[in-house]
Structure formats: C-alpha cells, structure tokens
Amino acid sequence: FLVRGFFTFANASFSVTDGGTPAGVEQPASPLRSGSPASLVPWDSLGYQGRSFIGTGPTVDELNAFHDGEAIEPIRVYTGLASADSLQERADLVLEELKRTGAFDREVLLIATTTGTGWLDPNAVDTLEYLLGGDTAIVGVQYSYFPSWLSLLADQAVVKETSRVVFDTVQAHWSTLPEEERPELYVFGLSLGSFGAESILTSINIVNSPIDGALFAGPPFLNELWNEIVADRDEGSPQWQPIYEDGRTVRFTGREDALSLPSGEWGKTRIVYLQHASDPVSFFSPSLAFRQPDWLDDGQRGPDVSEKMTWVPVVTMWQVAADVGAASLVPEGYGHLYGAGEYLLSLI
C-alpha cells in the first residue's frame with residue numbers, strides 16, 4: 001500500500017515537470033521534425049525531454065561545415081505520453097511520422113529506447129547525425145514521467161513493452177520494403193533504455209528480417225541478456241570487458257576502443273555494449289553483500305577502478321549502491337557518463 005501510494009504521488013509530481021520546455025528550445029519549423037506545424041504530433045504533447053530532443057541537435061549548416069557541404073537535414077521523430085491514449089496508438093503515430101518525413105529513404109533508421117523521463121543522450125544521437133552527414137532518422141517514444149532511478153524500480157515492464165511494440169510496429173513496415181532500398185535498421189538504448197532495447201532482440205520478427213545492429217550503453221545490472229553474456233564470457237576475459245564466443249556477434253568496448261580485440265570474425269548483425277569498469281549502474285549486485293565480485297579480483301580490475309577499493313562484506317554492497325545515485329556526477333568517460341568520443345568509436 002505504501003509503495004503504491006509513493007509511486008502514485010511521484011508520478012503526479014513528475015508529470016507536472018514534464019509540461020515544461022527547456023530554456024532556449026523552441027518549436028521547430030522544419031517538417032522533418034515531430035511537433036512542427038506539418039507534424040501529426042502536437043508540440044505540446046511531446047513532454048519536456050521530447051521537446052528537448054526535437055528542438056536541439058546539429059543544424060544543416062553545422063553538418064555542412066563538418067562534411068564540406070554534403071550534409072542533409074536529419075529526421076527526428078518522437079511521441080510523448082500525451083501524444084496518444086495508448087502505447088499502440090503512440091507507436092502507430094510514430095510510424096506515420098516516419099512515413100511522412102521520408103525516414104525510410106534515409107541511410108540509417110535508429111529506433112532508440114529512451115531513459116525514464118523520455119531522455120535521449122545528445123552525445124549518442126548528435127554523434128550519429130554528424131557521422132552520417134544527417135542521412136539519418138531517429139525515433140523515440142516516452143514511456144514514463146519518472147527519472148531513471150525511479151523508473152528502474154517502477155517501469156521495468158513498461159519499458160520492455162514500449163520497446164517491443166514500437167519496434168514491431170516500425171519493423172513490420174520496414175521489412176516490406178525492398179532490401180536494397182530500405183535504410184539500415186539499428187537499435188539503441190542507454191541505461192534503462194538498454195534494458196528495454198535488449199528485449200527487442202528476442203522479438204520473433206527479427207528471425208525473418210534481422211536488424212543490422214544494436215548499441216547498448218551503460219547496461220544496468222538488471223539486464224538479463226547482458227548478465228547471461230557476462231556470465232558465459234570466454235575464459236580469461238574480465239567481467240568489465242568480456243569476450244563472448246570470440247566476438248562473432250557481441251562485442252564490448254569502453255573508454256578505449258576494444259572492438260578489435262576478439263579474434264572471431266564479426267558477423268553482419270553486430271551488437272555492441274559500451275560500458276565503463278567504474279559504472280556502478282552496471283556492476284552493482286546484491287551478491288556484493290557476501291561475495292567478492294570478479295571485477296575486484298587480481299588481473300580483472302578495470303583501469304578506472306581505484307586500486308584502493310577492496311571488498312568488505314555488506315559494506316561494499318551499500319557503497320556501490322550509494323555510488324549508483326552519483327554515477328553521472330563524474331567526468332565523461334567514467335561512471336555512468338558516456339562521451340561523444342566513446343559513442344563515435346562504438347558506431348564506426
């Protein structure tokens with residue numbers, strides 16, 4: 001009763017914040033953005049983080065300067081919780097927006113699962129647009145009003161459902177297009193977004209029309225697939241940078257590029273995990289209370305984990321749990337804060 005009451009109160013409180021707009025962000029005029037006058041999605045329905053995603057990003061002039069005048073305007077599509085009454089309706093609205101903007105004619109279509117409040121990391125999405133000269137379409141859908149730490153507790157089911165419904169809706173249309181004409185299809189998720197995006201890989205639709213790849217950054221300790229891969233990693237590889245089945249499908253990287261380390265040939269569908277050894281969101285576990293983790297063993301410690309850190313029963317669990325709350329209050333390249341350069345190395 002108390003837990004349900006807390007989440008009900010918190011949801012009402014954070015929904016008020018969701019009605020604001022970040023300073024300096026204005027409704028776009030471009031028809032290639034959701035929330036514009038030409039859009040099927042009202043600007044006021046996008047939510048705080050949705051308006052931030054839609055109203056920011058590199059301009060055509062900035063992309064042209066980077067690509068010697070050969071860039072085009074990126075497509076950004078988004079729906080907020082207020083954009084439609086149900087999840088399926090929001091997914092259908094996203095699909096119509098993708099069709100309206102010509103997203104299926106772009107080089108790359110990225111289906112991005114947001115974090116709790118609907119946030120998409122600019123270090124990730126902006127980097128992709130710079131890398132491909134704007135020949136991209138990125139889509140996101142809000143599923144919660146909660147910040148990530150609350151969503152991690154309250155929204156585990158809804159983030160999975162949102163990821164699967166949005167992906168299945170978009171992929172069903174994408175799979176009908178001629179293979180040589182449709183865009184490459186990728187999946188992305190940061191933090192809790194990776195928790196939801198991982199579930200896409202179990203979608204039955206992928207069997208007949210595989211995606212081209214996926215990038216999961218800062219995977220939380222709750223990620224089921226991540227835990228399976230780390231547990232079954234090749235002998236001798238560390239927990240913070242595991243090698244799995246010689247890197248044929250899944251590879252791990254971090255502050256330094258490690259995608260070339262595995263000896264196996266990388267297949268057509270490529271899955272990348274971007275993680276830091278010092279990220280407590282990934283390496284927290286209740287088992288820390290009674291067992292020393294592999295990432296503190298001799299020869300297994302990551303370069304950004306202090307040599308002074310030692311395991312103490314019970315104490316270390318609470319220490320790392322406290323670190324989770326401050327995981328983003330660090331310089332880029334440490335903890336739960338992933339920089340544009342790291343995303344660039346993961347995307348190339």
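Modeller: Happy to! Let's begin with S45, which is found in the loop between α1 (2–17) and α2 (47–55); helices here are DSSP runs of H or I with at least four residues, strands are runs of E with at least two, and both are numbered from the N terminus. Residues are numbered from 1 along each chain as its sequence is written. The model is predicted, so local features need pLDDT of at least 70 and side-chain atom pairs count only at pLDDT 80 or more, while totals for chains, interfaces and linings use all residues, and side-chain values use heavy atoms, with hydrogens and water left out.

S45 counts as buried because its relative accessibility is 6% (buried is under 20% relative accessible area, exposed over 50%, partly exposed in between, with a 1.4 Å probe and protein chains only). Setting aside neighbours within four places in sequence, S45 is in contact with R51, G80, L81, A82 and S83, where contact means heavy atoms within 4.5 Å. With S83 there is also a side-chain to side-chain polar contact at 2.7 Å (N or O atoms within 3.5 Å, one able to donate a hydrogen and the other to accept it; residues adjacent in sequence count only if both atoms are side-chain atoms).

Now the aromatic rings. Rings of Phe, Tyr and Trp (its six-membered ring) pair if their centres lie within 6.5 Å, with planes under 30 degrees apart called stacked, over 60 edge-to-face and the rest tilted. That rule gives 8 aromatic pairs. One of them is the tilted pair of F216 and Y273, with 5.3 Å centre to centre and 50° between the planes. F216 belongs to strand β5 (residues 213–217) and Y273 to strand β7 (residues 270–274), so this pair ties together parts 57 residues apart in sequence. Both residues, F216 and Y273, are buried, and together with F252 they form one aromatic cluster.

F283 and W295 make another tilted pair, at 6.1 Å centre to centre and 50° between the planes. Here F283 sits in helix α11 (residues 280–283) and W295 in the loop between α11 and α12 (315–325), 12 residues apart. F283 and W295 are both buried.

Finally, the largest nonpolar core has 46 residues, and L98, V170, V187, Y273 and W295 have the most contacts inside it; such a core is a set of buried Ala, Val, Leu, Ile, Met, Phe, Trp, Tyr and Cys residues joined through side-chain atoms within 4.5 Å. Not counting residues up to four places away in sequence, L98 touches V77, A103, F104, L109, V139 and V170. A second, separate core of 26 residues includes L46, L128, L190 and V272.
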